[in-house]
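Below is a short briefing on a single chain.

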Amino acid sequence: GGAAAALASFERWDLAGAANPALSAWVSARCADLAVWTGRQLREETWRPAGAGAAAPHSTLSTEVLRASTDALDALFGLGLPLSPSSVESLLVGGVSASALSVARGAAERCG
């Protein structure tokens, strides 16, 4: 099928090896974007207790960080390139986890 042929051409021409530097740069840029966006959101966030229902007042930052993280991962997998485990780990650890940690620290600072 088409997928098997595409994968065979990746292997034959070592396109995955050739694409890895560009993929690593892309992942690094997405991690940096996520960190900048999270920092900006932390400065602008109004921290209110969570309420019941969609219309109740609540803090949306953690939800938005998870959504942005999911979007970054979807984009990475959506490239359709064979991914090295280090690229995926870099995005997860360098971007997603760091942003979640920033949110947790920001919430803790505002609590005390």
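What percentage of the residues in the chain is buried? Of the 112 residues, 23% are buried (buried means under 20% relative accessible area, exposed over 50%, partly exposed in between, with a 1.4 Å probe and protein chains only). This is a predicted model, in which local features need pLDDT of at least 70, side-chain atom pairs count only at pLDDT 80 or more, and totals for chains, interfaces and linings use all residues. Residues are numbered from 1 along each chain as its sequence is written, and side-chain values use heavy atoms, with hydrogens and water left out.

**Fold**
- The chain contains 4 helices and 0 strands, where helices (H or I, at least four residues) and strands (E, at least two) are DSSP runs numbered from the N terminus.
- The order of elements from the N terminus is α-α-α-α.
- Among contacts (heavy atoms within 4.5 Å) with a separation of 6 or more, 65% join residues 24 or more positions apart.

**Surface**
- The chain has an accessible surface of about 7,000 Å², by the Shrake-Rupley method with a 1.4 Å probe.
- Carbon and sulfur atoms hold 62% of that surface.

**Salt bridges**
- The count is 2 salt bridges, each a side-chain nitrogen of Lys or Arg within 4 Å of a carboxyl oxygen of Asp or Glu.
- In helix α2 (residues 15-44), R30 and D33 are 3 residues apart, about one turn of the helix, and their closest N and O atoms are 2.7 Å apart.
- R30 is partly exposed at 26% relative accessible area, and D33 is partly exposed at 41%.
- In helix α3 (residues 61-78), E64 and R67 are likewise 3 residues apart, with an N to O distance of 2.6 Å in their salt bridge.
- E64 is partly exposed at 27%, and R67 is partly exposed at 44%.
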